[in-house]
Amino acid sequence: MWQELRTELHPRGLEIVTVGLDTLGAEACRPFIEAAAPDHPSVIDAHHAVAERFGVVNIPNGVWIDENGIIVRPAEVAPAPRRSERPGLGDVELPDRMVDIFTEAQKIRTDPAAYEAALRDWVERGADSPYALSPDEVVARSRPRDADRARGEAHFELATELERRGDHAGAVTHFREAHRLVPDNFSYRRQAWSLEPAVDGPLARFWQGPAPDDPDAWPYDGDWLSDVRQLGAENYYPTWQP
Amino acid sequence: MLLTSMRVSRAEFEAGTGWALKPEGACRGDICIPLADQPGDRVDVAALAPQLGMPLVSSEDGTLHALGPWSGSGRVLTSAEAPELELPRLDGTPFRLSSLRGTKVLLVAWAPY
């Protein structure tokens with residue numbers, strides 16, 4: 001989704017790094033990365049290191065870093081340019097839940113044009129761009145972190161490693177703690193939900209909720225549909241602040 | 001930072017947490033936190049974590065641990081300096097964010113679900 005923009009802006013001094021947040025790692029990310037065929041670095045973040053290091057709490061999220069390694073925009077919603085298509089689900093007939101999920105997803109508001117314009121302005125004007133924030137503003141806009149949140153981040157990291165080592169039950173225990181202690185990190189929730197084997201096939205990772213034939217087995221307090229309905233899809237992302 | 005043992009080298013501790021262990025204490029950017037004892041070549045994470053206020057959580061069988069981040073400033077970022085990020089590419093080779101110094105970077109997080 002970003003490759004086209006990268007082709008245009010790389011000669012002007014911008015590099016893009018895409019970071020795939022997935023405990024299932026390279027093999028889960030591979031089809032999407034290969035479909036995008038990027039010239040830019042595309043890396044795998046199995047433990048959501050970018051959440052701990054940069055405060056990423058949802059996807060897509062972007063961070064701007066200048067030539068001196070200084071962050072000029074901390075983690076925020078970064079809608080992809082609306083040119084290319086996402087790798088799709090193909091001609092699959094959709095179960096009711098997926099129809100409901102897509103219905104909610106349609107209500108989610110982003111402004112890709114505004115974000116792209118701001119990015120282009122920064123690439124052109126650098127520090128003179130109003131979109132390049134001062135260091136104090138960058139820190140002030142970064143995620144709050146108290147001791148509870150830090151503990152939740154540790155639980156999440158532990159959960160991802162337990163999952164990778166095959167201890168799914170252990171992973172769930174620690175994912176639950178992470179969700180409780182870091183309630184604003186929606187990636188933490190979606191990652192955990194995506195690992196539950198509710199259905200088979202191409203929809204499996206997107207189901208993110210109870211299995212139709214065994215709903216009581218669902219180990220989490222929320223799921224994608226109930227959480228988004230409760231929050232209001234229009235509140236899925238904070239409004240972008242230039 | 002994931003740990004299978006509570007004893008790690010100073011280099012591993014710094015790479016895992018971003019905090020360097022110096023005579024004046026544990027330091028990151030402009031912040032230094034004094035420590036009770038000067039760590040040797042090997043660091044006892046269980047002793048160090050509470051001094052830094054970093055949470056330590058463990059698996060039920062006690063074989064795997066995660067050391068969480070520092071929360072002393074109340075924000076995820078303590079300065080605008082981009083932390084190092086080292087993550088594998090699809091082919092497994094390591095990528096370091098610091099390798100792009102000299103270029104503007106847009107880091108975009110996504111997910112295949």
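**Chains A and B in a predicted model**

In this predicted model, 69 residues of chain A are in contact with 42 residues of chain B.

Q: Which helix of chain A gives the most to the side that touches chain B?
A: Chain A brings 69 residues into contact with chain B. Among the elements on that side, the top contributor gives 11 residues and spans residues 147–164. This element is helix H7 of chain A.

Q: How many residues on the side of chain A that touches chain B are nonpolar?
A: That side holds 18 charged residues and 13 polar ones. The rest of the division is the nonpolar group, which numbers 38.

Q: In what order do the strands of the five-stranded open sheet lie?
A: Strand S1 (residues 14–21) of chain A is joined by seven bridges to strand S11 (residues 104–110) of chain B, and the two run parallel. Strand S3 (residues 61–65) of chain A is joined to S11(B) by five bridges, and here the strands run antiparallel. S1(A) also pairs with S2(A), in the parallel sense over four bridges. The pairing in the sheet is mixed, and the order is S2(A)-S1(A)-S11(B)-S3(A)-S4(A).

Q: Which strands are the edge strands of this sheet?
A: An edge strand here pairs on one side only. In the order S2(A)-S1(A)-S11(B)-S3(A)-S4(A), S11(B) stands between S1(A) and S3(A). The edge strands are S2 and strand S4 (71–77) of chain A.

Q: Which residue of S11(B) is the bridge partner of A:Val63?
A: S3(A) and S11(B) run antiparallel, with five bridges between them. On the other pairing of S11(B), with S1(A), A:Val19 stands opposite B:Ala109. For A:Val63, the bridge partner in S11(B) is B:Leu107.

Q: Which residue of S2(A) is the bridge partner of A:Leu21?
A: Four bridges join S1(A) and S2(A), which pair in the parallel sense. The bridge partner of A:Leu21 in S2(A) is A:Asp45.

Q: Is A:Gln208 buried or exposed?
A: A:Gln208 is not a glycine, although its phi is positive at about 50 degrees. The residue lies in the loop between helix H10 (204–207) and helix H11 (224–231) of chain A. With 26 other C-beta atoms within 10 Å, A:Gln208 is buried.

Q: What is the form of the peptide bond from A:Ile59 to A:Pro60?
A: A:Pro60 is found in the loop between helix H3 (49–54) and S3 of chain A. Omega for the bond from A:Ile59 is near -10 degrees, and the bond is cis.

Terms used: Residues numbered from 1 in each chain as written. Chains lettered and ligands numbered in written order. Predicted model: local features only at pLDDT ≥ 70, side-chain atom pairs only at ≥ 80, totals over all residues. Contact = placed C-beta atoms within 7 Å. Nonpolar A, V, L, I, M, F, W, Y, C, P; charged D, E, K, R; others polar. Pairing = 2+ DSSP bridges. Buried ≥ 20, exposed ≤ 12 C-beta atoms within 10 Å, placed from the backbone.
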